[in-house]
Protein chains: 2
Amino acid sequence: MDRNLVDTAELADRVRAGDRRALGRAITLVESARDDHRRSADDLLSRLVAHAGDAARIGVSGAPGVGKSTFIEAFGSTIIASGERVAVLAVDPSSTRTGGSILGDKTRMEELARSPDAFIRPSPSGGTLGGVARRTREAILVCEAAGFGVVIVETVGVGQSETAVADMVDTFMLLIAPGGGDELQGIKRGIVELADIVVVNKADGSLESVASAIAADYASALNLLRAAAPNWRPRVVVCSALEKRGVADVWETVLKHREALRVSGRLRARRAEQAQGWMWQEVSDSLLATLRQMPGVAGRLSALEADVAAGRTTPGAAGREILDIFRKGHLNRQD
Amino acid sequence: MDRNLVDTAELADRVRAGDRRALGRAITLVESARDDHRRSADDLLSRLVAHAGDAARIGVSGAPGVGKSTFIEAFGSTIIASGERVAVLAVDPSSTRTGGSILGDKTRMEELARSPDAFIRPSPSGGTLGGVARRTREAILVCEAAGFGVVIVETVGVGQSETAVADMVDTFMLLIAPGGGDELQGIKRGIVELADIVVVNKADGSLESVASAIAADYASALNLLRAAAPNWRPRVVVCSALEKRGVADVWETVLKHREALRVSGRLRARRAEQAQGWMWQEVSDSLLATLRQMPGVAGRLSALEADVAAGRTTPGAAGREILDIFRKGHLNRQD
């Protein structure tokens, strides 16, 4: 990226005109941790926000081995065939450590990546889940302003990132696959209950009957859970992304879910709640980051954390000591 | 409570000696929102914390109508018969509005309340879930220092309080009952997956076979979820608290769960994580409370929340404006 001041007005215009290079540059700007980039990103987003919000935001979660890339490739192509443009983003806080474990390799989705109606972006690398999540939320807005009608946010099904992704999309899908058992698939507790749609993938050839049996198990399990929306019960759909069977059913189910959300007024309400939650998350993360960066505080924090963990002091007393440190740190700043 | 300074050294001694009046007074102190009480409570807790931590901390959640009081009465009596003393606390943030919807009426558990080995305390009233949760966590420490070997934390199964309670106990139990269907029972999404043990209550007389069928449904649903601990899969137990059948099985299952947690090292690790989480929660809640109380800030916050909800501004930009307000508020304080 240019080291000089970004012309955000021009960049915003080019993003809105659908210029792919501008889109990539805008997302890079949003992802940057540099202070001057951050200010430019804020300015850019303020220009784009009025043109964002129109996409179907879809989360796709699933443990390694369930065929997520193959599914997203087939799913994305199906959506494009129906006339929509699709952006695929990813949330994977582990990508710093592993050097990009998901979507790091764009060639993974070769067919989709070649389509002029698709835009594929790997997970922003570096930083905490909170940081990665914020940058992805802002990237969603940029893609929407660029006219993408569908934004897919992909995540691995093994960490805390599922909750973060479920909190930034309209429809959250969990991908599972026959074989291996769910424990081996590593579905974290709580993830199944986040799902609006469970997709049993890899119903390939002779595996179809196994997949159907698993689908029935999930359908009865989901029936024991309370509906997330007044007029939507989580559905289970069987497909074979490899053989391109059932993928259109998944897209149709997403559309039905959106319609249910829209009719009940939940779509608008959910978006509003999400946006307010992000705002407070931003405030809370920032205050804690300020605290952690105060000189001499890191050592004291570790000691307090150890004392609290060992039961030598109460969480309340330790918390109040941290607040005192924070207040004094702020005082000293004015000296 | 006495308006004068509390002699916390004496109060701590009397709590540790098992003086019930002192125990009640200590919890009232911990629950108080008054600044001088808060300081006394901190002092008291610092004297008690080294003697706390030995109880089995058990959460009991269940929607209205599942027979929670009857169950806790029978369960508590079973535990006392096994030689332990039992404290029952409650988390119900709605008790302010409803005038104490759970445990407000001590006569609800008449038999248990009469036992010298039981201590029953209604939910602290007033304030947010965060406030109620903090006071309950501190009340757990007080009960433990007073020598209670089992602390039961009760909550209604309809709100966010379940997560808060699951985060303060070792074993989280979900009570359900045959009849009415789960949707009517109002089990919130995510609660089933928090459960270490699901108790199907009201297997009374002719309902026993229905209860067993429901238990089988839950058992297979729970099998689809990943285990919370390496050596524990959530179990389902059927009982009739009314007819006092199966309640001892529930207690035995709790003991098995504790043993599994202990053997895997999860008990110690879980307690340490919980304590650190509470500490940071305290810090975060306090900073946000400080912000909200700054003069002139409330109106601006409402406006920003509305703008963010309507998509007129991004959560990030609004969050940063709030942080600016916070920093300026701190600056002005030093003038």
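Two strands count as paired if DSSP finds at least two bridges between them. I also noted that helices (H or I, at least four residues) and strands (E, at least two) are DSSP runs, numbered from the N terminus.

**Ground rules.** I am looking at a predicted model, where local features need pLDDT of at least 70, side-chain atom pairs count only at pLDDT 80 or more, and totals for chains, interfaces and linings use all residues. Residues are numbered from 1 along each chain as its sequence is written, chains are lettered from A and ligands numbered from 1 in the order in which they are written, and side-chain values use heavy atoms, with hydrogens and water left out.

**The sheet.** I looked up the strand order in chain A and found 7 strands in an open sheet, β3-β2-β4-β1-β5-β6-β7, with parallel pairing. β3 (118-120) and β7 (235-238) of chain A each have a single partner strand, so one side of each has no neighbour in the sheet. Neighbouring strands are turned by 20° against each other on average, direction ignored; axes here are lines fitted to C-alpha atoms, for helices over the stretch in contact, and angles run from 0 to 180 degrees between N-to-C directions.

**Strand β4.** Which residue stands opposite A:Val150 in β4(A)? I found A:Val86 there, and β2(A) pairs with β4(A) over 6 bridges in the parallel sense. On β1(A), A:Val60 faces A:Glu154 of β4(A), and these two strands share 7 bridges, also parallel. I then checked burial (buried is under 20% relative accessible area, exposed over 50%, partly exposed in between, with a 1.4 Å probe and protein chains only). In β4(A), 7 of its 7 residues are buried. A:Val150, A:Ile152, A:Glu154 and A:Val156 point one way, and A:Val151, A:Val153 and A:Thr155 the other.

**Towards β7.** β6 (residues 197-200) of chain A pairs with β7(A) over 4 parallel bridges, and A:Ile197 sits opposite A:Arg235. Helix α10 (residues 208-223) of chain A lies across β5, β6 and β7 of chain A, at about 175° to β7(A).

**The cores.** I looked for nonpolar cores, meaning sets of buried Ala, Val, Leu, Ile, Met, Phe, Trp, Tyr and Cys residues joined through side-chain atoms within 4.5 Å. The largest has 108 residues, and A:Val142, A:Cys143, B:Val142 and B:Cys143 have the most contacts inside it. Leaving out residues up to four places away in sequence, B:Val142 touches (contact means heavy atoms within 4.5 Å) several residues, including B:Val15, B:Leu23 and B:Leu48. Another core, of 34 residues, lies apart from it, with A:Trp280 and B:Met279 among them.
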